[in-house]
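The following paragraphs go through a protein model, from its overall make-up to individual side chains. Please keep the structure in view while reading.

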Amino acid sequence: MEETKKCPYCGEELLAVAKKCRHCGKWLENESSVAPVQEQSASSVTQSQSVNYQNQSPNEPTGGRNKLIISAKIALQIIVGGAFFYMYTQRGSLYEVNQLFAQGKKQEAIKMLTRIAEKGDRTAQYHLGMRYKNGEGVEMNRKEAFKWLKQAADAGSDSAQYSLAYFYMGDYSDYTECKDVEKGIAILEKLADKNLGNSAYFMVNLYTNNEYVPIDLNKAEFWGKKCAKMNNYSEWSLNLLDRIAMMYFRENSEYKGLEIAKIAAEHGHAFAQFRVGACYYNGDGVERDYWEAYKWFKKAADQGVDEAKDVLRKYY
């Protein structure tokens, strides 16, 4: 028979090995009563640690991580500071060059500009090349000009490429060693696609003047239309279209002449409006239409074209 004992709290009989009364629920030994407290304490510590961890900012650096972030910040400041210092010294030097030229100190200015150009600054290379090309502040030297413009162009300067193209085209009789018309045209075509400088205007002239290459009205038309569109149909670009139209008319290509003239006329070019009116009046490149002719003659006359006024007085 197993040994028993009485519960000191309720008096009921229990097994001798029992640690908790099954009647009243009281713990019968001190160590047993301590256990839940210890367990609760441990749980509280864990929760407290968890709360502290959760309250800690995820961006708050600690230990080695802190040193790494500080080092990264210092490195970034050095890089940014160095970049600004480079920009300041380079551009500041170009500013000083302009100041020296303004003060009439040409030799000092050229020396400083040359130093900057030798460091690879393409803006300085371009300006130095242009000064040698035009003899501004320095004795004209087309060979030296070509050298600096070539360096600037190779570094990506569109302005230098534009100037360099004319060297290749052979525009400078005192320096023809670099003459390569095809290369010059290729450069200008590339620049014309981006509407840089007067390159698009040059392309129209190129194919209508019979100077560097034979006249090619199809190519002139292509560049004329593109030039007008890229330049929002400005007056000078419409003049190009009107010139191309006139050349088509001279070759008895009335249909093409009317097509080009009408583009210029619709954007307000007075003489092109007169030519369109004449095409409709005479039936050149289009079916004869006196009313349509009148409309275009009237537009031209309103802009002061004397020929259009004469036609209106005589025939309308």
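A residue is called buried when its relative accessible area is under 20%, exposed when it is over 50%, and partly exposed in between. At 29% relative accessibility, E259 therefore counts as partly exposed. The model that holds this residue is a predicted one.

Some totals give the setting. The protein has 316 residues, 34% of which count as buried. Its secondary structure consists of 14 helices and two strands. The accessible surface is about 19,800 Å², and carbon and sulfur atoms account for 50% of this area. Of the contacts between residues at least 6 apart in sequence, 37% join residues at least 24 apart.

Charged pairs come next. Side chains of opposite charge can pair when their charged atoms come close. The structure holds 13 salt bridges. One of them joins the side chains of K225 and E259, with an N to O distance of 3.0 Å. This pair links distant parts of the chain, as K225 lies in helix 9 (residues 217-230) and E259 in helix 11 (residues 254-266), 34 residues apart. K225 is partly exposed, with a relative accessible area of 29%, and E259 is also partly exposed, at 29%.

R313 is exposed, with a relative accessible area of 63%, whereas D310 is partly exposed, at 32%. Salt bridges that share partners also join E221, K225, K256 and E259 into one network.

Helix 13 (residues 290-302) contains E292. Is E292 buried or exposed? Its relative accessible area is 17%, which is under the 20% limit, so E292 counts as buried. The side chain of E292 meets that of K295 in a salt bridge of 3.1 Å, N to O. Both residues lie in helix 13, three residues apart, about one turn of the helix. K295 is partly exposed, at 35% relative accessibility. The side chain of E292 also makes a polar contact of 3.2 Å with the side chain of W296.

The aromatic residues can be taken together. Across the whole structure there are 18 aromatic pairs. In one of these, the rings of F167 and Y175 have their centres 6.3 Å apart and their planes at 70°, so the pair is edge-to-face. F167 is buried, with a relative accessible area of 1%, and Y175 also counts as buried, at 10%.

F274, Y281, Y290, W291, Y294, F297, Y315 and Y316 form one aromatic cluster. Among these residues, Y290, Y315 and Y316 make up a nonpolar patch on the surface, with about 350 Å² of accessible area together. Y316 is placed in the segment after helix 14 (306-315). Its relative accessibility is 39%, so Y316 counts as partly exposed.

Key
Residues are numbered from 1 along each chain as its sequence is written. This is a predicted model: local features need pLDDT of at least 70, side-chain atom pairs count only at pLDDT 80 or more; totals for chains, interfaces and linings use all residues. Side-chain values use heavy atoms; hydrogens and water are left out. Helices (H or I, at least four residues) and strands (E, at least two) are DSSP runs, numbered from the N terminus. Buried means under 20% relative accessible area, exposed over 50%, partly exposed in between (1.4 Å probe, protein chains only). Contact means heavy atoms within 4.5 Å. Accessible areas come from the Shrake-Rupley method with a 1.4 Å probe; for residues, only the protein chains shown count as cover. A polar contact is a pair of N or O atoms within 3.5 Å; within protein, one must be able to donate a hydrogen and the other to accept it, and residues adjacent in sequence count only if both atoms are side-chain atoms. Patches are made of residues with over 30% relative accessible area and no salt bridge: like charges are joined within 9 Å, nonpolar side chains (Val, Leu, Ile, Met, Phe, Trp, Tyr) within 5 Å. A salt bridge is a side-chain nitrogen of Lys or Arg within 4 Å of a carboxyl oxygen of Asp or Glu. Rings of Phe, Tyr and Trp (its six-membered ring) pair if their centres lie within 6.5 Å; planes under 30 degrees apart count as stacked, over 60 as edge-to-face and the rest as tilted.
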